[in-house]
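Student: I am new to this structure and would like to understand the words used for it. Could we go through some of them together?

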Amino acid sequence: MTRSAGATLLSVNVGLPRRVAWNGTTVFTGIFKVPVPGPRKVRRLNIDGDGQGDLGGHGGEQRAVLVYQRDSYDHWARHFGRDDLTPGSFGENFTVDGLADDEVCIGDRYRIGTAEFEVTQPRVTCFRVGMRLGEPQLPALLVGHRRPGFYLRVITEGEVGAGDPIVRTRTGRHRLTVAATDALLYLPGRDADTLRKAVDIPALSPGWQQSFRDLLTGDLSTATTLGPTIGTEPAWDGFRAMTVARVVRETPTVSSFHLRADGDGAEPALPGQYLTLRLRDRAEDAATIRSYSISAQPSAGTYRITVRRDERGRGSRFLHDNVRAGSSVDVAAPRGEFVLRQSGEPVVLASAGVGATPLMAMLHELADGGSTGPVWWVHVARGPEDHLFAAEAGDLLDRLPGARRVTFYTRSTAVPATGTTLHGRPDGERLALLGLPATARAYLCGPGSFVADLTTTLVRLGLAPDRIHSELFGALAPINPGVVDRPVEAPHQPAEPGTGPAVTFARSGLTTRWRDGDRSLLDLAEACAIPTRWSCRTGVCHTCATPVISGTPTYGPEPLEPPPPGQVLLCCAQPVDDLVVDA
Ligand SMILES: Cc1cc2nc3c(=O)[nH]c(=O)nc-3n(C[C@H](O)[C@H](O)[C@H](O)COP(=O)(O)OP(=O)(O)OC[C@H]3O[C@@H](n4cnc5c(N)ncnc54)[C@H](O)[C@@H]3O)c2cc1C
Ligand code: FES
């Protein structure tokens with residue numbers, strides 16, 4: 001055993017979560033810690049008297065104890081010119097002398113008092129530390145200055161107290177320091193060799209392991225959880241005029257619009273992607289911007305979208321009432337990460353109502369590609385008259401030797417129930433009869449409740465959550481860590497509208513003007529009750545990465561690593577000109 005270069009526990013700090021007013025909302029947080037005298041018992045999940053508010057982001061076995069160093073306190077005191085930083089100010093449980101982030105490695109074990117600990121990951125980059133210290137940029141600075149601090153897992157429960165020496169009992173595999181691990185996730189210039197080493201450290205927490213695995217494989221759907229997304233670049237900037245080649249009535253309330261890309265022809269689209277349309281009678285009119293999934297693979301230079309008429313909806317009524325063969329509409333390039341993977345795995349395509357659209361593009365792709373593997377087509381309609389793409393899907397499924405299909409009619413018994421037509425909803429008992437293998441990859445699209453229920457059912461049937469992908473025809477579920485008691489509001493104009501460039505939040509169907517007082521597009525979105533997704537709010541975590549459909553954003557301050565082309569980090573961006581984002 002080696003005393004870790006004379007490291008010492010200076011202070012044990014605890015605090016239970018409480019409600020704190022912040023930014024017009026309430027945050028439930030355990031970031032406020034105060035030093036406690038005498039020895040304290042450390043248990044598997046917490047130090048006695050300590051707790052976390054948001055267990056999704058903090059706490060748990062892998063993040064039981066947060067450590068921060070006196071040397072970093074001195075650094076920040078100089079940086080901010082502050083003399084009020086007392087132990088616990090950075091939300092840490094242990095304030096220590098020694099154990100620098102560029103010396104301590106993931107997997108190192110330490111004995112302190114009668115307890116033993118293992119280093120599992122750097123600090124989670126989150127806005128709460130900035131809120132606690134009144135320094136909003138702090139999350140980015142902790143990463144940029146390479147002073148994040150780190151978490152410990154409790155290997156042996158015991159008692160610890162201020163003044164205890166810290167003794168290293170084991171060194172972590174591959175000697176990857178906390179600072180290097182943090183930079184690997186959040187800073188540019190990462191290399192595959194180090195990523196491979198990181199995923200080979202058993203002590204690294206599963207969350208960080210997954211993020212590094214996603215970075216290694218370029219996973220589109222999960223890489224946003226901690227690290228940057230890897231997107232496909234849109235085929236063209238902004239909107240391009242297209243001519244409606246024909247309109248086809250699919251059901252009494254649903255029609256397909258075939259859009260011909262004049263000149264260059266239709267660029268390829270990945271099966272499952274969507275187009276965004278700018279709808280208006282004349283160029284000087286206010287536009288309605290709405291997105292529609294491509295419902296068949298582009299062919300003969302045309303895209304097909306399929307739209308359900310909503311009697312009270314502006315965009316869908318405009319399409320159904322005003323748009324005819326020969327009309328011109330402005331169309332943004334195919335986008336979206338809900339795409340079929342060409343992996344040869346068993347595939348489940350499950351939809352309700354008009355949610356069949358992106359899955360039809362996937363079914364076309366499977367049939368055209370001569371797929372021979374198992375494919376399950378599960379569709380829910382109210383009755384035969386609303387059964388979208390019944391004949392077209394049937395023809396495609398007939399071409400797939402491994403295809404099985406089942407239709408659920410929820411409000412009609414006009415067609416007798418058979419092995420492939422059922423009355424009612426796709427509950428667990430009925431889906432269990434389909435014999436879906438746990439190795440299947442599922443793609444779901446329909447109303448939020450359909451997607452949520454089916455996801456729960458599929459997980460119960462053995463599918464891993466990361467094999468279930470879904471598309472929502474509206475705003476994505478918000479990610480607002482720790483925020484509680486936020487009233488449910490429909491998107492609306494801000495109380496004090498601005499006069500700057502027009503900013504459109506496409507999924508929420510709202511256009512408003514930039515206000516000079518807003519620091520970022522995230523501020524503006526919050527003023528309009530747009531559902532938002534964020535964690536650090538300072539350009540580090542990429543949780544707020546959002547596709548830009550048209551226009552130009554700029555940054556102030558610059559993010560530590562820019563998002564992939566075609567995306568913007570809402571938390572630190574402002575519009576240069578009229579901007580449309582997919583939020
Ligand atoms: C990625 C993506 C893909 C999509 N793909 C498809 C697709 O393939 N096919 C498809 O049909 N749709 C699709 N959508 C949904 C589509 O973008 C539109 O949201 C949909 O057409 C409704 O838009 P709207 O303008 O007609 O309704 P909106 O004007 O946006 O109204 C939305 C809802 O609010 C209600 N509402 C409006 N005004 C009032 C009021 N005054 N009082 C009370 N309620 C009101 C309406 O009833 C309506 O239900 C997709 C969305 C996304 C994000
Ligand atoms: S919220 Fe973390 S980068 Fe924007």
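This is a predicted model: local features need pLDDT of at least 70, side-chain atom pairs count only at pLDDT 80 or more; totals for chains, interfaces and linings use all residues.

Student: Why is Leu-99 called buried?

Tutor: Buried means under 20% relative accessible area. Leu-99 has 6% relative accessibility, so it counts as buried. This residue sits in the loop between S7 and strand S8 (109–112).

Student: What makes the phi of Leu-99 worth a remark?

Tutor: Most residues other than glycine have a negative phi. Leu-99 is not a glycine, yet its phi is positive, about 55°. Arg-146 is not a glycine either, and its phi is positive at about 60°. Gly-81, which follows H1, also has a positive phi, near 65°.

Student: Which residues of helix H1 are buried?

Tutor: In H1, residues 70–80, they are Ser-72, Tyr-73, His-75 and Trp-76.

Student: How do you know that the buried residues of H1 line one face of the helix?

Tutor: Look down the axis of H1: the buried residues fall within an arc of 160°, so they line one face. Their cover includes strand S6 (65–69), strand S7 (94–97) and helix H3 (138–144).

Student: Why is H8 called roughly parallel to H9?

Tutor: Helix H8 (residues 356–368) and helix H9 (residues 390–398) pack at an angle of about 30°, and their axes are 9 Å apart. Angles under 35 degrees count as roughly parallel, so H8 is roughly parallel to H9. The contact is made by Met-360, Leu-363, His-364 and Ala-367 of H8 together with Glu-392, Ala-393, Leu-396 and Leu-397 of H9. The crossing in which H8 passes H9 is left-handed.

Student: Where is the cis peptide bond, and what is its omega?

Tutor: The cis bond joins Gly-556 and Pro-557, with omega about -5°. Most peptide bonds are trans. Pro-557 belongs to the loop between strand S29 (553–555) and strand S30 (567–569).

Student: Which residues does the annotation "domain: MOSC" cover?

Tutor: The unreviewed UniProt entry gives that annotation for residues 34–169. In the model, the end C-alpha atoms of this span lie 28 Å apart, and the span is 18% helix and 30% strand.

Definitions and conventions
Residues are numbered from 1 along each chain as its sequence is written. Chains are lettered from A and ligands numbered from 1 in the order in which they are written. Side-chain values use heavy atoms; hydrogens and water are left out. Buried means under 20% relative accessible area, exposed over 50%, partly exposed in between (1.4 Å probe, protein chains only). Helices (H or I, at least four residues) and strands (E, at least two) are DSSP runs, numbered from the N terminus. The arc is that of the directions from the helix axis to the C-beta atoms. Contact means heavy atoms within 4.5 Å. UniProt positions are given in the numbering used here, feature names are shortened, and annotations may be inferred rather than shown by experiment. Axes are lines fitted to C-alpha atoms, for helices over the stretch in contact, and angles run from 0 to 180 degrees between N-to-C directions. Angles under 35 degrees count as roughly parallel, over 145 as roughly antiparallel, 65 to 115 as roughly perpendicular and the rest as oblique. A crossing is left-handed if the near helix is turned anticlockwise from the far one by less than a right angle, and right-handed if clockwise.
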